[in-house]
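Visitor: I should like to learn how to read a structural model feature by feature. Would you please take me through one?

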Amino acid sequence: MCRADRDVFPSLAQAQASVANETYRELGLPPTFLFCPTEYCSSLCSPSPAKSRYLQTLGQELLPEIGVIWTGPKVVSQELSVALVEEVEHVLQHRLLIWDNLFANDYDCRRVFLGPYTGRAPGLVPRLCGLLLNPNCELQANFIPIHTLGSWFRSELQGCTHTNSTGTDASAELGDSLGLQEGYSPQKALELALLDWVAEIKQQVLEAEEGRSDSSAPLTMEEARMLVELFYLPYHHGPQAQQLLEDLQWLRANSPSMGVPTRSPNSCVVAEWRSRARSFQQLCAQMCCLHSRFVRSAGQALLYDLHPYLWDIRNLLLAASAFVLWLGT
């Protein structure tokens, strides 16, 4: 704080609460008014959320009608638990609004996240006053994140005890119709989202190419799944991308040029290496072909948003494939 503010307010938290309270009153006590604290996640709290003097002061000074924004354990949180929400609520004496940065990519221009909404514990919704998803900067990259967020939210509603006028569980009926009756599954939600995304891509292409006779076949489910698994989540690679990384590490560590002689007495080791090298190069080739298919089969808006990322990964895979070929010589 500047000297003038320090002469009036004994702490930053009291200054911020005073300004927020005054603004809230000046606006006529709106039904929704959100405040983002300086310590908005656990990693920014000193020394911890439970012992933070800053949060304690906010809890005492901030008007109870004002909602407080929280991002979880970190700015980009891998997991959100009910226990953490309850801990922070106890200190702030306010219900939280989660600002979820799981899919945010504005901090790294070389990453985009197409995977399913995951890592959020069941039972969160009743503890919150809301949840906002901070998405990818690229609009077209957010179909699956938002679709799976919707599936997660519907499964949360299913866990609540709301009933319709007939006395039956309306939220459970909604979950059953979407195949979510056993609670939220990121993989099941992803499959539902992929079906709708492929249909959406096809529709966009049909509208753009109406009247043309040279249109390409639309992207398949497997191609869309491969695209998602290349650009999955900030803390997780998709299964196929993870397999590529593991194979590359194994091939490098066990290659003929890195310590396993070409004419080793243990010919099984060499045979295994060459077999895995072929599989690795085939998968690289499939993913490079995905780039060509995507260029021909995606709509203009989707191509514009995702092509830079797919181009980068294509070039990396070509280099990795050449590296493995060199290792085998």
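Visitor: Let us begin with one residue. Is N254 buried, partly exposed or exposed?

Guide: The general idea is a scale of relative accessible area: buried means under 20%, exposed over 50%, and partly exposed in between, with a 1.4 Å probe and protein chains only. N254 has 24% relative accessibility, so N254 counts as partly exposed. N254 lies in the loop between α9 (239-253) and α10 (267-297); helices here are DSSP runs of H or I with at least four residues, strands are runs of E with at least two, and both are numbered from the N terminus.

Visitor: On what basis was the model prepared?

Guide: This is a predicted model, in which local features need pLDDT of at least 70 and side-chain atom pairs count only at pLDDT 80 or more, while totals for chains, interfaces and linings use all residues. Residues are numbered from 1 along each chain as its sequence is written, and side-chain values use heavy atoms, leaving out hydrogens and water.

Visitor: Where does pLDDT stay under 50?

Guide: pLDDT is the predictor's confidence in each residue, from 0 to 100. Where pLDDT is low, the predicted coordinates should not be read in detail. The protein chain averages a pLDDT of 89, and 88% of its residues score at least 70. pLDDT stays under 50 over residues 162-172, for which the model has 13 contacts beyond four places in sequence; a contact means heavy atoms within 4.5 Å. Residues 174-181 also stay under 50, with 12 contacts beyond four places in sequence.

Visitor: How many helices and strands does the protein chain have?

Guide: The secondary structure comes to 11 helices and four strands. Of the 329 residues in the protein chain, 43% are buried. Among contacts with a separation of 6 or more, 71% join residues 24 or more positions apart.

Visitor: At what angle do helix α7 and helix α8 pack?

Guide: Two packed helices are described by the angle between their axes and the distance between the axes. Axes are lines fitted to C-alpha atoms, for helices over the stretch in contact, and angles run from 0 to 180 degrees between N-to-C directions. Helix α7 (residues 186-208) and helix α8 (residues 221-230) pack at about 115°, their axes being 10 Å apart. On the α7 side the contact is made by L190, E191, L194, L195, W197 and V198, and on the α8 side by M221, A224, R225, L227 and V228. These residues divide into nine nonpolar, no polar and two charged; Ala, Val, Leu, Ile, Met, Phe, Trp, Tyr, Cys and Pro count as nonpolar, Asp, Glu, Lys and Arg as charged, and the others, Gly among them, as polar.

Visitor: Which residues does Q140 touch beyond four places in sequence?

Guide: Q140 touches W197, Q204, A301, L302 and D305. Q140 is found in the loop between β4 (128-133) and α5 (143-159), and counts as buried because its relative accessible area is 18%. Q140 and D305 are 165 residues apart in sequence, yet 6.3 Å apart in space, C-alpha to C-alpha.

Visitor: How many disulfides are found in the whole structure?

Guide: A disulfide is a covalent bond between the sulfur atoms of two cysteines; the criterion applied is a pair of cysteine sulfur atoms within 2.5 Å. The search finds zero disulfides. For C36, the nearest cysteine sulfur is that of C41, 9.4 Å away. C36 is partly exposed at 44% relative accessibility, and C268 is exposed at 59%.

Visitor: Which backbone features deserve attention?

Guide: The peptide bond from S46 to P47 is cis, with omega near -5°, and P47 is placed in the loop between β1 (34-35) and α3 (53-61). L29, in the loop between α2 (12-26) and β1, has a positive phi of about 55° although it is not a glycine. Q93 likewise has a positive phi, near 60°, and its place is in the loop between α4 (82-92) and β3 (96-100). Q93 is exposed, with a relative accessible area of 53%.
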